Amino acid sequence: MGSEIHPQTIAVIGAGTMGAGIAQVAASHGCWVHLIDINLEVLQRGLGGIKKNLDRLVEKGKLSLADREAVTSRIEPSDAIRGIERSELVIEAVIEDLAIKQGIFRQLDTTTRSEAVLATNTSSLSVSKIAEVVRDPSRVVGMHFFNPAPLMPLVEVVAGRLSDRRAIDFAVGTAKAWGKTPVVAKDTPGFIVNRVARGYYLEALRLLGEGVAGVDEIDNIMRVHGGFKMGPFELMDLVGLDVNLAVSTSVWEQMNKHPRFTPHDIQKKLVVDGNLGRKSGRGFYLYAYKHPLPAYVVDRRSFQLSLLLGDAVRTFAERAGTGRAGITEQYIFSRIMSAILNEAGYAFCENVATREDIDVAMIKGTNYPKGPLAWAEEIGHRTVRGLLRRLNESAGDGRYEPAAALAEC
Ligand SMILES: NC(=O)c1ccc[n+]([C@@H]2O[C@H](COP(=O)([O-])OP(=O)(O)OC[C@H]3O[C@@H](n4cnc5c(N)ncnc54)[C@H](O)[C@@H]3O)[C@@H](O)[C@H]2O)c1
């Protein structure tokens, strides 16, 4: 019920990367949009970016000139939060800072009608905390779009501690009406995608730190054997090492610094040195030439697997369809894969989302070739658990402790 309900008029606060993208999506689906940013330059740049995106669609024949005009005419820019009394939904997309976001929600509390749904696009802050400053926090939810918003299909609708059914249904209905795929997530660190994806990055960093293989080898293994579109290091370079590290740090701190989420020193050092990935020309790779070259020199060390761990790795690889790869490739592949599958298992156990929504989120939000929970079932919970147990014995800090969800079946 309620999923067909969506707004005619909305406001988007913040016209940066995300705000402008969200405004484009809404206006393209017939919505009137107040696009608000305190920085006039950003506002103009945001509108310019939207027009450019629409022009590209016109060139490709996907949008008529009349529709382009209609979409842009539905976006009304402003440098202050005013005139939004008619907005049925407000989506806040200002910088990731709790105090600033709460300041915005305090203003929204008095400038919107009481039944308007208030959403935040935060990727790592607690929706419930942001909602604390609003008199009626039941109307506050998260609507976490992915970058670039006009292209990425996923929206994580985040249910805060006090969000009511009406607000959640309204956000879900809006995302659907705008052609997106919504999933509902509990207000927990990293929600679904930014939490489950930690395993992909952090386990790859650990393998690099242990000197098992170089960045290009690890990336290649995950592309070839895992079917991922990009390897973990290529992806971190694309996202920006600083942005990726900030999410890892935030999830780790909110997860009581559990060793599963410990940010890696290699990444911290690259960020301190200003090697932020593609945007700075250098990260794990160097982007000075036509084809990126590995820029991080691995301190390669030989490694030995115990008989039992070697067996567990081979069984896992066999069941995951990589039985013909060499043992080093199998070891790298199975460690990274098991970290992802385990985190999805924890997220499921902790009721972050339904089984289906966790899988859909990872496919639509990060382009994973399969949903991790379905993947774990395909490989077999017993096999995944067996590998994690062996890894846990050698790690000694509990970071591979298998999630209870992997004990089912
Ligand atoms: N960039 C991403 O990949 C991404 C993806 C998903 C979610 N997010 C989240 O979306 C939000 C915005 O991120 P972004 O990348 O678009 O940031 P951005 O820096 O591109 O844009 C933020 C904008 O907020 C404006 N702003 C700051 N204070 C304001 C105020 N008081 N009133 C109005 N505008 C104000 C700034 O002028 C700026 O233009 C953050 O919460 C971020 O965590 C970002």
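Domain bounds here come from an automatic or database domain assignment. On that basis, the chain splits into domain 1 (9-187) and domain 2 (195-407). Their C-alpha centres lie 32 Å apart.

This is a predicted model: local features need pLDDT of at least 70, side-chain atom pairs count only at pLDDT 80 or more, and totals for chains, interfaces and linings use all residues. Residues are numbered from 1 along each chain as its sequence is written, and side-chain values use heavy atoms, without hydrogens and water.

**Between the domains**

Contact (heavy atoms within 4.5 Å) takes 10 residues from domain 1 and 11 residues from domain 2. The buried area is about 930 Å², with 59% from carbon and sulfur atoms. That area is the accessible area (1.4 Å probe) that the two parts lose on being put together, summed over both.

**Strand β1**

Strands are DSSP runs of E, at least two residues, and helices are runs of H or I, at least four, numbered from the N terminus. Strand β1 (residues 9-13) has five of its five residues buried, meaning under 20% relative accessible area with a 1.4 Å probe, protein chains only. T9, A11 and I13 point one way; I10 and V12 point the other. In a regular strand the side chains alternate between the two faces of the sheet.

Two strands pair if DSSP finds at least two bridges between them.

| Partner of β1 | Sense | Bridges | Bridge partners |
|---|---|---|---|
| β2 (residues 32-36) | parallel | five bridges | T9 with W32 |
| β4 (residues 89-92) | parallel | four bridges | I10 with L89 |

Key:
Buried means under 20% relative accessible area, exposed over 50%, partly exposed in between (1.4 Å probe, protein chains only).
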